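Work through the exercises below with the sequence and the model side by side. Try each task before reading its solution.

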Amino acid sequence: MFRLLVLTLLLTTSVFAQDITTLEKIGDVVSLTKTDKSITLICNDNSQVQLTILAPDLVRVRASFTKPIPAKDHSWAIAKNDWSTPRWTVNESSTTIIITTDELEVTIQRSPLLISFRDARTHQLLNADERPMSYDANASLAGIMFDPKAGPFVAASKKLGFDEHFYGLGEKASRLDKRRSSFINWNSDTPGYIEGKDPIYQTIPFYIGLQRGIAYGIFFDNSYRSYFDFGKSSQQRAWFGAEGGEMNYYFFHGPWIKKILGRYADLTGHMPLPPLWALGNQQSRWSYYPDTMVEEVVNEYRKRDLPLDVVHLDIDYMHGYRVFTFDKDRFPDPKALTDKLARQGVKVVTIVDPGIKHPVDKNERYHAFDQGLEKNYFQRRRNGDLFVPRVWPGESVFVDYTLPEARRWWGELHRVYTDNGIAGIWNDMNEPSDFVDQTGKNQLDVVSYDEGEKSTHAKNRNTFALLMSRGTYEGLERLRPDRRPYVITRAAYAGIQRYATMWTGDTNSTWDALALNIPMFTSLGLSGEPFVGSDVGGFIGRGNGELLVRSYQVSFLAPFCRNHKVIDGYDQEPWRFGKYYEDIIRKYLKLRYSLMPYLYTALEEAHRTGVPPFRPLLLNYQDDPSTYNLDDQFMVGNDLLVAPIMKPDVTRRLVYLPSGSWYDYWTNKKYAGGTMISVDAPLDVVPMFVRAGAMIPIWPSLNYIGEKPVSTISFNIYPDDSGLASATLYEDDGLSPSYKTGVFRRTTFTARRGPGGITISMEWAEGSYIPGPRKFSFVAKTGERVNF
Ligand code: MIG
């Protein structure tokens, strides 16, 4: 027993061997230089710290230990460099240096060097160093991915608040509130992951701290293997660090999380809008082939009156897993297939993996390999040898996506898809996964060009998928300039939202895995990735009808709604477990399509403001501590609250309704919020509530986007206690990038209760898009009369 305990302790601590209290602390401040946008502190150990003022609520902190801040400053994550410096001042005293902007007050204590952030108006403390920034002077903590060029382990440590909550960090198999947990970022292919498995596929080193309703954000822009500990190893501190690279973080002042997400989007990029049909229902399988099976799946969907917009082709469409080819027997005429499916309103997305097959026989010609080799675009080891990982095609090579011309070439290779009518690209295996060794150790001496830095895997692993997706996205943009690209990725680094949407990889078909959907989707939304989803029904394993239905009741309002299944799992299309389940699934798919104008309006908001459609309640109710670790219910936009069942045999649950009033979506019964209510949830019902004060736009029933012109948009009115309700409707052509230049229409509607019933007013619309003729109709869910 005792031995077992010791072993468990060893195992748990060995995951996180870094004890930052043994690190060398940065020296004291001896002098300071100032430019119009930054100050640089020179320390008595020759270290330097640079604070740059980017916006009133955004300050960047860069530290270089025992040497000057390097002149080179580049990150693949950053989208905006041309900030117009806001007004700010600096005040020096013998003990401190204080930077003040309109919103932030940053105090640097000279000895020891400690940085704290306060609200400039209230002087309330937001976040403070627990110890000086530190580094590994003797390389005793050399990371397991040690790279001689990486530099020492670097860390920053913050005081942990007694009631501080932590959110974000991208894709983690963990609950919403990350307090008292620790994480590693090292993109990893982790099929069948369960709660607690870490790391998994993505790295988004951005988190939000929330205390007393006041939020700040920290983006630690360092792509090396990184560590975040939110009060797990010690209750004194929340620290972050990396096995090399720079101490380089951005501090965001809220106090609103929504504002932080907007700034984070400004910094790392706003998600462009995908085509509207990407919000349609999607169906996948590893793998549909031959072409007739794809047709059969689509025919079933149509025959059964189940909505469908997209079908996916997994790896078996290729000739021997060679990307940019189609198997001649299975898909003799891909263009004919996509044309035929297009007539049924269905788009095709193909999977594209990073591994390019290395020909086994020297005389074998494969254009992707031959061209890439000739142009020297493939990754090589330090000794000059080609790096040859083993993935689906067997021995393969990877492109060095840090080379701009290689990304361009990669993009151009997609012409075979666009010429054949393929509508979108699904990037898998881009951690990058290597069957030889999934830890990355076999890739440590792989060198990437990296803007001439010739850096190794330790720095480039976590950004590999970002750059691959970038090559894919930019290629599709060039190949089809009048269409919005649609790219889906498994792995990622911060900034990924500029190029790709994402899904949560190889989940299990289990109730436990289903319960992770809400915390994962909402955490991704709080990390700058608004377009998320998970394999509906779960990927690995058998599952059953009940699980599939409950899974749809989570995903029917997720941006990415795709049923997908592993090669050896049960067939899992909506009808596979029988009519009883199929009928319920139909109801939810149809509901998704009728809520399309609401979903699309919420998605456009994400594009513009960084605030995701799929939200934890705390994002809308940041002042309400009851929401701080609530992750078994979610909101879509500001108005819809959904509380699914994620356990078998359960038909009743408690639902938390925040303050205000709420209407049961199914019965229109009104509830007072600010409390828990108990509601019935038989298998065909997902508890769903509408915020009083909302108007929900509804489309007529469609089996795919564009099936027929939308001639009527109905607004369901849910007046608040003072008789008011409002809605925003966003419309554009759904396909082209012209929304970026103002070709959209945003209309605001208000409903007001008066003596003769409810009166609607419509505000003049924003934007230059002219929608086709359509009627608006209004229905008060209170049964009141509506005048227009
Ligand atoms: O090693 O392409 O996450 O969705 O079906 C497995 C086959 C590779 C992993 C993806 C999954 C996909 C599968 N892929």
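**Exercise 1. The ligand**

Which atoms of the side chain of W392 and of the ligand are 3.1 Å apart?

Solution. An N or O atom in the W392 side chain is 3.1 Å from an oxygen atom of the ligand. A polar contact is a pair of N or O atoms within 3.5 Å; within protein, one must be able to donate a hydrogen and the other to accept it, and residues adjacent in sequence count only if both atoms are side-chain atoms. R490 places a polar side-chain atom 3.0 Å from a ligand oxygen. For H564, the distance from a side-chain N or O atom to an oxygen of the ligand is 2.9 Å. On its own the ligand has 350 Å² of accessible area, and the protein covers 95% of this (Shrake-Rupley method, 1.4 Å probe; for residues, only the protein chains shown count as cover).

This is a predicted model, in which local features need pLDDT of at least 70 and side-chain atom pairs count only at pLDDT 80 or more, while totals for chains, interfaces and linings use all residues. Residues are numbered from 1 along each chain as its sequence is written, and side-chain values use heavy atoms, with hydrogens and water left out.

**Exercise 2. The shell**

Describe the residues around the ligand by number and class.

Solution. Begin with the count: 13 residues surround the ligand, each with a heavy atom within 4 Å of it. The closest are D314, D428, R490, D506 and H564. Then sort by class: eight are nonpolar, one is polar and four are charged. Here Ala, Val, Leu, Ile, Met, Phe, Trp, Tyr, Cys and Pro count as nonpolar, Asp, Glu, Lys and Arg as charged, and the others, Gly among them, as polar.

**Exercise 3. S284**

Is S284 buried or exposed, and which residues does S284 contact?

Solution. First locate S284: the residue lies in the loop between β20 (282–283) and α3 (291–303). Helices (H or I, at least four residues) and strands (E, at least two) are DSSP runs, numbered from the N terminus. Next, the relative accessible area of S284 is 0%, so the residue is buried (buried is under 20%, exposed over 50%, partly exposed in between; 1.4 Å probe, protein chains only). Leaving aside neighbours within four places in sequence, S284 is in contact (heavy atoms within 4.5 Å) with H312, W426, R562, N563, H564 and K565. With H564 there is a polar contact between the two side chains, at 2.9 Å. The side chain of H564 also has an N or O atom 2.9 Å from a ligand oxygen.

**Exercise 4. Strand β18**

Solution. Six of the six residues of β18 (residues 237–242) are buried. R237, W239 and G241 point one way, and A238, F240 and A242 the other. In a regular strand, side chains alternate between the two faces of the sheet. Two strands pair if DSSP finds at least two bridges between them. Strand β11 (residues 154–159) pairs with β18 in the antiparallel sense over six bridges, with A156 as the bridge partner of F240. Five bridges join β18 to β17, also antiparallel, and S226 stands opposite A242. β17 and β18 form a hairpin with six residues between them, where G231 in the turn has a positive phi of about 85 degrees.

**Exercise 5. An open sheet**

Why is one side of β23 and of β25 left without a neighbour in the sheet?

Solution. Three strands form an open antiparallel sheet in the order β23-β26-β25. β23 (356–357) and β25 (390–391) stand at the edges, each with a single partner strand, so one side of each has no neighbour in the sheet. β23 pairs with β26 (residues 394–397) over two bridges, and I356 stands opposite V397.
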